[in-house]
Amino acid sequence: MAEKRTIQLTINGRPYSGQVEPRRTLADFLRQDLDLTGTHLGCEHGVCGSCTILLDGAAVRSCLVLAVQANGRRVETVEGLAGPEGELHPIQTAFHKHHALQCGFCTPGFLMSIVDLLKTRPDIEDENEIRVALAGNLCRCTGYSGIVAAVREVAAQLRRERTP
Amino acid sequence: MSRALFGTRVERREDLPLLTGQGCFTDDLKRPGMLHAAVLRSPHAHAKIRSIDVSAARALAGVVAVFTHADLGAAGKEIPLLQPNPLLVAHTQLLLAHDEVRYVGEPVAFVVGDDRYVTEDALELIEVAYEPLAVAADAQEALKDDAPLVYPEIANNLASRFTLGFGDVAESFARADLVLRQRFKIHRGAGQAMEGRVVLAEYDRRANRITMWSATQAPHLIGRLASEMLGIEERQVRVIAPHDVGGGFGPKAIFYPEEGLVPFAARALGRPVKWTEDRREHFLSTNQERDMYHDAEMALTREGKILAFRDTVVFDTGAYVPWGIVDPWISATTIPGPYKLPAFQVDMQVVYTHKVPVTPVRGAGRPQAVFVMERMMDLAARELQLDPAEIRQRNFIQPEEMPYAMGLVYRDGAQVIYDSGDYPACLRKSQDLIGYDQFRREQSRARSEGRYIGVGIGVYVEGTGLGPYEGAIVQIESSGKVLVTTGATPQGQGHVTTMAQIAADELGINVDDVTVVTGDTGAIPFGVGTFASRIAVNAGNSIALAAREVREKALDIAANLLEANKDDLELAQGSVFVRGAPARSISLGALALTAAGARPGYTLPPGVQPGLLATNYFSPSQAAYASGAHVITVEVDVRTGDVKILDYAVAHDCGRMINPMIVEGQIQGGVAHGIGNSFYEELIYDNNGQLLTASFMDYLLPTAKEVPTAKIAHMEVVCPLNPLGVKGAGEGGTIPSAAAFAGAVEDALAPFNVTVREVPLSPEKIRKLLREAGR
């Protein structure tokens, strides 16, 4: 067993530190060491997107990031998406409204990918473009229609809010 | 009862925790002192095990134990067969292979240690001396006389052979105007729930009790088989499918070796043990389904009326048959579908191969059956120059002919009797959704422009809601709220919402005042499981009937307390009151307290047992037959073989719908699975039985880009066989999808006269068809 390293990082605005083997993935560190089990592991080879989190604001697959690589950086997970009083993020509300989840296992990854999408491409409107943007996350239950509808609705809402 | 909630789009009560990262999946659970496990799997599809040396693995720091078959003692026996059948020579797995392995991925050793990293390190230190043997990788090849044998005593690897049928097939073929013959191949796929299998177990030595958590579709089944494998009384094993299970789709309804190994190790070591399947293990060890070869023959009159159907089928069952011959049997009895067949015969050969065992995956034998029948209908239409919709209309069983006895015995041992349905209207409805006639006009225009667009039809009938039963305990608590406990266990189907809708309607309360407890063998003694589109029928009706009994009991006690005639009482908004005198009322909570004996000295009304509680196990008399028609339009790029889905329409009948939003979610999700089976998902094994597509890089699941939103029309033909009038809705989205796509692609390529004989239809295969047609 390799020597453990100390890491310090900010997760959902709060400081965390831990001792990890260099080979430990960020996903395992979040789930097993910190009990932040909202982030899920669906394939552990970077395809399904269930483990998507934001690292310094950008969507990454936490199964492909080592915990030591997150040292000194800012991590956002699904647990931090709702506001301090539990008020839901608009995409969470829209997922509920549009039946965009069934078993809910892939949901956290989708939510984090979508948060990144709406931030990097706030003008996205076209359904096909949305579908292409969502194609990095897999869902076996829903057939995606509710997810697409939820994204379209929130994107439109954000556009309206930006237009004075 | 009121129908305030039944049939409405009640929003899901499951969502909030799942949206905020507070879901509770099996791998999220931790127990004090918990160890982690990893499984050493066979790298060979067929080999003798000469020796296993685990000494280096055992010596590794952080490893607590390594188990091989030699360490299992009395648990070193075959897992009990679920569905014995005199027509079957059955073999099921050991928890760990003994002296022979029969598929790549078969468990050989089980390592337990401090964390998953160290246990996987230890796997690499285990030395197994294998002597590789010849492999039967394909079912057709495996039937040949010189094929390698999976079991030496089973000639030609033939696990089972049976024939089913009715009518005089030979005579019908002899007098037919048209006889069509075609060979089809349908490929196996995998369940691929996004959450893999996960098992956690702990052992209480003083009480000699095992508690297991499993990401399963069938906790009662797991508990029963675990108790049998571990030699412990069934009541001493409690199995919990946690609140959240990340998808099932069939393969999680099986007892797997790990469900014996994890509690075995937990008991042996006196510490909790958890094993979490990774995706590669899912590819190599979670049951798969659908490999079939069909040689189909259809006899027709020149008007396009079917006279007879004959099918010779080879079914690849993999290396073991934990579910017996359920799949091939369902498949055989589904072939006739919605059509009137004067004569029918199927000869089914179930064949062992050196591959992952086969058990139901969403559709369970039906997609293959529908594929074959619908392909033959399309070919007949082409031959007779009829529209594919028209030839189907000429052969449909008519709604006024219901109930319709097919003349076959279903897997439950009962006759196949379609209880209800309107197939002609259903197909027309689906055609209307797609704009069928207009599409035909566009098609000729597109062809003249060099664009190849086509429309395909898939019609199915599905026996849903199979028994033997599912149960419910409905209890009114002293708070006035209602607790529903059922053996059914959800994996995303929204049972906590739909089951609460039923109970709330029956008891005149708010849906939010109903708590639904699922998937815990400690909460309800008997259960069967969530598979075969059976929960709405089985659990739904048991909840309704138990709630009705509780309601009667509440009225009996209220009549006594209010000194009123029971017939004058009404139950609404959580209280019982005297009709016309609402001031004379008593809340359900107060009634529950009274019934619980909270007023010492009070006498319960004569005949009333304590507790506002009732248990009901609903056992359906036979399957409830759901049906539907998918009509799909596609455009094929003849240069690349790429298929673009233009439009997807589904008209279906699942009886009365409890919650249309949830039904539509099931259909849309099923359609996505069908798209995967039709175009993308392929478990490619080489001749050595090695799986070449064991990752999501190679085995493609459809994404949002590939799955359009289906247009859905509901036809609610009430099922006469159960009080709620419901049928199942979980699999219909998948069942006819491949058949309709095959028809659509073939129709698009009609100018080249190609015949689609297999799925999945990769661009490569479509190009091959076109090349063979000289294009």
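How many salt bridges does the rule find across the interface of chain A and chain B? There are 6 of them, where a salt bridge is a side-chain nitrogen of Lys or Arg within 4 Å of a carboxyl oxygen of Asp or Glu. One links Asp35(A) to Lys30(B), with the closest N and O atoms 2.9 Å apart.

A word on ground rules. This is a predicted model, where local features need pLDDT of at least 70, side-chain atom pairs count only at pLDDT 80 or more, and totals for chains, interfaces and linings use all residues. Residues are numbered from 1 along each chain as its sequence is written, chains are lettered from A and ligands numbered from 1 in the order in which they are written, and side-chain values use heavy atoms, with hydrogens and water left out.

Back to the interface. Here 48 residues of chain A are in contact with 52 residues of chain B (contact means heavy atoms within 4.5 Å). The two chains bury about 4200 Å² between them, with 58% coming from carbon and sulfur atoms; buried area is the accessible area (1.4 Å probe) lost on putting two parts together, summed over both. On the chain A side, His96(A), His99(A) and Arg140(A) lose the most area to chain B, together 20% of what that side buries.

Now for chain A by itself. Its secondary structure comes to 5 helices and 5 strands, counted as DSSP runs numbered from the N terminus (helices H or I, at least four residues; strands E, at least two). Along the sequence the order is β-β-α-β-β-β-α-α-α-α. The radius of gyration is 16 Å, close to the 15 Å of the globule rule for 164 residues, so chain A is as compact as a globular protein of that length; the radius is taken over C-alpha atoms, and the rule is 2.2 Å times the number of residues to the power 0.38. Buried residues make up 54% of the 164, buried being under 20% relative accessible area and exposed over 50%, with partly exposed in between (1.4 Å probe, protein chains only).

| Cis bond | Omega |
|---|---|
| Gly467(B)–Pro468(B) | about 5° |
| Val759(B)–Pro760(B) | about 0° |

Pro468(B) sits in the loop between strands E20 (452-464) and E21 (470-476) of chain B. Ala532(B), not a glycine, has a positive phi near 60° and is buried at 15% relative accessible area. Glu563(B) also has a positive phi, about 50°, but this residue is exposed at 71%.
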